[in-house]
Amino acid sequence: MEADTTIVLVNDEFEKLSGYRRNEVEGRMSWTGLIAEVDVERMLAYHRLRRIDPDQAPRNYECRVRVKNGRIRSCFFTVAMIPDTRLSIASITDVTEYRRLEQGIRTIRE
């Protein structure tokens, strides 16, 4: 991802998770358009801080992603800066089903 939030490259797993094709995203879309509104400001703050002092920004966190069909997915992110650039790289894991199961267990216990 660029400093201006443009997504530079995606892989096949991103396409599967998001529903977007590579040619719809690369160089055309900001990652802010994929993040649920309630999480955008927090994620932007991390993004800015990471470029000022990467050690002060969280590397791992959870947020909600709005996929192409409009559904919200809970995702776990690991984000780091690419050395000697202003680019960052993210690994995204969909934890939606895990969170659903977790809620089901809590409901049963209650």
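I began with the side chain of D4, which makes a polar contact of 2.8 Å with the side chain of T6 (a pair of N or O atoms within 3.5 Å, where within protein one must be able to donate a hydrogen and the other to accept it, and residues adjacent in sequence count only if both atoms are side-chain atoms). I note that this is a predicted model, in which local features need pLDDT of at least 70 and side-chain atom pairs count only at pLDDT 80 or more, while totals for chains, interfaces and linings use all residues. Residues are numbered from 1 along each chain as its sequence is written, and side-chain values use heavy atoms, with hydrogens and water left out.

I then placed T6 in the segment before helix 1 (12-18), where helices are DSSP runs of H or I with at least four residues, strands are runs of E with at least two, and both are numbered from the N terminus. Leaving aside neighbours within four places in sequence, I found T6 in contact with M1, G27, R28, M29 and S30, contact meaning heavy atoms within 4.5 Å.

Is T5 buried or exposed? I have T5 as buried, at a relative accessible area of 10%, whereas D4 counts as exposed at 53% (buried is under 20%, exposed over 50% and partly exposed in between, with a 1.4 Å probe and protein chains only).

Last, I checked phi: T5, not a glycine, has a positive value near 80°.
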